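Please look over the model shown below before reading on.

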Amino acid sequence: MGEGSDSARADVLAAREALTQELERLEASARAAVDVPAKVRRNPVKAAGIAAGAGFLLIGGPQKVFRRAKRVVLGPTEPLPKSMLPKEIDKTLRELGSDGEKVRGTIEREFANYLEQTAPARKQRDLGAVSAILLSAMLRPVIERYGRQLIDQVFSSDTRDFEAQLAKVRSRSAADAAEAEAAAEAEAAAEVRAGT
């Protein structure tokens with residue numbers, strides 16, 4: 001029975017040591033990933049580019065670029081009319097006459113003429129809108145891809161940083177363990193003195 005408990009104790013200690021090492025590696029990995037000053041010192045140009053890209057995204061740069069491109073393709077947007085008051089509509093309809101069928105016919109003919117006259121402009125506008133939609137559909141995956149790469153670069157860590165952080169974590173863990181052991185020995189010595 002003593003051999004089984006010794007074996008179980010050894011297994012528990014080995015598992016505890018493995019867990020401690022894994023926690024140290026995890027902590028070192030996290031610290032290396034977010035150690036921005038070290039990344040800036042190692043590659044300042046890349047860091048400046050990442051900061052500029054992040055700033056561009058934060059201020060809504062892609063949306064502004066898309067709106068400007070849309071304006072170039074489609075032309076400037078026309079301002080909305082102030083208002084078309086019912087009084088003005090009523091006044092215009094009364095000027096057309098009092099015969100309802102004639103007024104209706106006039107409105108229908110004028111509207112049909114208007115549609116014929118504006119058909120080329122509408123087709124051109126529709127072509128521009130389709131072009132803008134296609135352009136945005138093509139650019140969106142590219143923007144998303146580079147956005148993911150930006151995030152990966154910001155939070156990635158290289159082996160050198162990871163090893164440096166791991167050494168710091170292990171030295172701190174060793175110091176904490178030595179301090180805990182010294183405290184336990186002091187407590188045991190105090191109990192021995194109190195017992196005698």
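Helices (H or I, at least four residues) and strands (E, at least two) are DSSP runs, numbered from the N terminus. Just after helix 4, glycine 75 takes a positive phi of about 90°. This is a predicted model, in which local features need pLDDT of at least 70 and side-chain atom pairs count only at pLDDT 80 or more, while totals for chains, interfaces and linings use all residues. Residues are numbered from 1 along each chain as its sequence is written, and side-chain values use heavy atoms, with hydrogens and water left out.

**Confidence**

- The mean pLDDT of the protein (pLDDT being the predictor's confidence in each residue, from 0 to 100) is 79, and 92% of the residues score at least 70.
- Among the elements of the protein, the highest mean pLDDT, 83, belongs to helix 3, and the lowest, 76, to helix 5 (residues 86–96).

**Helix lengths and the glycines that follow**

- The expected span of a helix is 1.5 Å times one less than its number of residues; for helix 3 (residues 44–58), with 15 residues, this gives 21 Å, and the end C-alpha atoms are 21 Å apart, which agrees.
- Just after helix 3, glycine 60 has a positive phi of about 80°.
- Helix 4, with 14 residues, should span 20 Å at 1.5 Å a residue, and its end C-alpha atoms are 20 Å apart, in agreement with that value.

**Nonpolar core**

- A nonpolar core is a set of buried Ala, Val, Leu, Ile, Met, Phe, Trp, Tyr and Cys residues joined through side-chain atoms within 4.5 Å, where buried means under 20% relative accessible area, exposed over 50%, and partly exposed in between (1.4 Å probe, protein chains only).
- The largest such core has 5 residues, namely Ala28, Ala32, Phe162, Leu166 and Val169.
- At least two residues of this core come from each of helix 1 (2–33) and helix 7 (159–195), and helix 7 supplies the largest share, 3 residues.
- The buried residues of helix 7 are Asp161, Phe162, Gln165, Leu166 and Val169.

**Salt bridges**

- A salt bridge is a side-chain nitrogen of Lys or Arg within 4 Å of a carboxyl oxygen of Asp or Glu, and by this rule the count comes to 5 salt bridges.
- One of them joins glutamate 27 to arginine 172, with the closest N and O atoms 3.0 Å apart; because glutamate 27 lies in helix 1 and arginine 172 in helix 7, the pair ties together parts that are 145 residues apart in sequence.
- Both partners are partly exposed, glutamate 27 with a relative accessible area of 23% and arginine 172 with one of 38%.
- Arginine 104 forms a salt bridge with glutamate 108, the closest N and O atoms being 3.7 Å apart; both residues lie in helix 6 (residues 100–155), 4 residues apart, about one turn of the helix, and both are exposed.
- An α-helix has 3.6 residues a turn, so residues three or four places apart point the same way.
- The side chains of arginine 140 and glutamate 144 also meet in a salt bridge, at 3.2 Å from N to O, and these two residues likewise lie in helix 6, 4 residues apart, about one turn of the helix.
- Arginine 140 counts as exposed at 57% relative accessibility, whereas glutamate 144, at 36%, counts as partly exposed.
- Salt bridges that share partners join Arg140, Glu144 and Arg148 into one network.

**Aromatic contacts**

- Rings of Phe, Tyr and Trp (its six-membered ring) pair if their centres lie within 6.5 Å, with planes under 30 degrees apart counted as stacked, over 60 as edge-to-face and the rest as tilted; by this rule the count comes to 1 aromatic pair.
- Arginine 145 lies over the face of tyrosine 146, at 5.4 Å from the ring centre, the rule being that NZ of Lys or CZ of Arg is within 6 Å of the ring centre and within 35 degrees of the ring normal.

**Exposed positions and C-alpha separations**

- Threonine 77, found in the loop between helix 4 (61–74) and helix 5, is exposed with a relative accessible area of 72%.
- The C-alpha atoms of threonine 77 and glutamate 3 are separated by 86 Å, the two residues being 74 residues apart along the chain.
- Glutamate 95 has its place in helix 5 and is exposed, with a relative accessible area of 59%; its C-alpha atom is separated by 30 Å from that of alanine 121, 26 residues apart along the chain.
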